[in-house]
Amino acid sequence: MTNAALRARPGAALRGTIRVPGDKSISHRALILGALASGTTTITGLLEGDDVLATGRAMQAFGAKVTRTGEKAWTVEGQGGFAEPADIIDCGNAGTGVRLIMGAAAGFDLRATFTGDASLKKRPMGRVLTPLGLMGANWLCREGGRLPLTLGGGGLTGIRYVLPMASAQVKSAVLLAGLNAAGETLVLEPEATRDHTERMLRAFGAVVEVSDEAEGRLIRLAGGQRLTGCHVDVPGDPSSAAFPLVAALITPGSEVTVEGVMLNSLRTGLFDTLIEMGADLTIANRRDAGGEAVGDITARSSDLRGVVVPPERAPAMIDEYPILAVAAAFASGATVMRGVGEMRVKESDRIALMANGLAACGIGVEEEPEGFTVVGTKGANHPVRGGARVVTHGDHRIAMSHLVLGLAAQGDIEVDEPGMIATSFPGFVDLMSGLGADVG
Ligand code: S3P
């Protein structure tokens, strides 16, 4: 996709049945675990988005052989460990990629230099470097724990680490380092975060113990475990499915089904919230696919009402607040989203950008340090005006959220830098157009 501005225009009802690209979290992990493992890992349904492709190139640089064998089908020939890369590792826009790879690399006696795009270079890496340092890794980085940075690994010792923020990336980095540390590594998460690393480590043959303790969820992993290549079938990304589903909810006369969406309960907070808001959202054909729950989700246009989103639900929908804010704009009453300070350190400051974008479209928003409230327009005497050009700071989810808003607003919405949509949702415009949306 080029980076020329994209425009969404209000128009017809959305109708159809689609599949969205593979889950981003699982795709990164499949490549990384495949590279750490011995033998062949086959992956189907891989998200062929820019972020994941950067992780694939990184795994090649660390010594694995990564091959595309067909559409969304890849193999990884792992070497049972990482070798020192000959050049700088560029992780593009991907926080998940760089943080998990740093964790994995720290377990080996090597030096590696990491960088990324302008957005990734602004994001905090100290949250990963601190526990890796406690385990024995060393690094040299820019001020504030920013990329580019050089990491030196090897000779690690397991630790017991209490996550200071709800971050699956930090948890995963510590666990991946723990694979090649002496003794046990324990991570205690006061709030449960997505558990794809734990699940996938088991699929690759590792023993990972998880228990619910009074202080939170405790994950325990013995060092020195070897991984064996396996098959990973990547289910559809619920964070991507969110866009066409919310588009259907807010566009009158719509009915859209997204098939094969991952329904891991640590990822489905948005769907729970939308149902509480009165959304006609139904899940059919629930099944298990490669250790993850999967189902087909149908959304029909609905009269939504504002809710107070429980802050403890944030980890299960942290990437979905931008699109929830769009749904909230079309609801009656206010939707209160608190305990989401982590949104400020994503690909952009997502609280600020959503507040600015929605305000530019004529919607009432109140911004707080760790949250925001969106005043719904349904039943009020001011509609969602639209007619704005929205600044995305190159954030894929900010771009897609505002394009969805434009489908049901009174006036067109244009987003700058839409090229970044390809980091997580290649084919977004074609898929939405196929449902009848006027985006282009
Ligand atoms: C991810 C974890 C989340 C999420 C990101 C993917 C992962 O980040 O926002 O898109 O795959 O582990 P944090 O760990 O920073 O919350």
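**The ligand and its surroundings**

Tutor: A polar side-chain atom of Asp-319 lies 2.6 Å from an oxygen atom of the ligand. The model is predicted: local features require pLDDT of at least 70 and side-chain atom pairs 80 or more, while totals for chains, interfaces and linings use all residues. Residues are numbered from 1 along each chain as its sequence is written, and side-chain values use heavy atoms, without hydrogens and water.

Student: How much of the ligand's accessible area does the protein cover?

Tutor: Of the 390 Å² that the ligand has on its own, the protein covers 96%, by the Shrake-Rupley method with a 1.4 Å probe.

Student: Why is the ligand said to lie between domain 1 and domain 2?

Tutor: Both domain 1 (6-17 + 237-439) and domain 2 (25-232) give residues to the shell around the ligand, so the ligand lies between them; the bounds come from an automatic or database domain assignment.

Student: Which residues surround the ligand?

Tutor: Among them are Lys-24, Thr-96, Gln-169, Arg-194 and Lys-346, where near means a heavy atom within 4 Å. The largest share of the shell, three residues, comes from α1.

Key:
Polar contact = N/O pair within 3.5 Å; in protein donor to acceptor, adjacent residues only side chain to side chain. Helix = DSSP H or I, 4+ residues; strand = E, 2+ residues; numbered from the N terminus.
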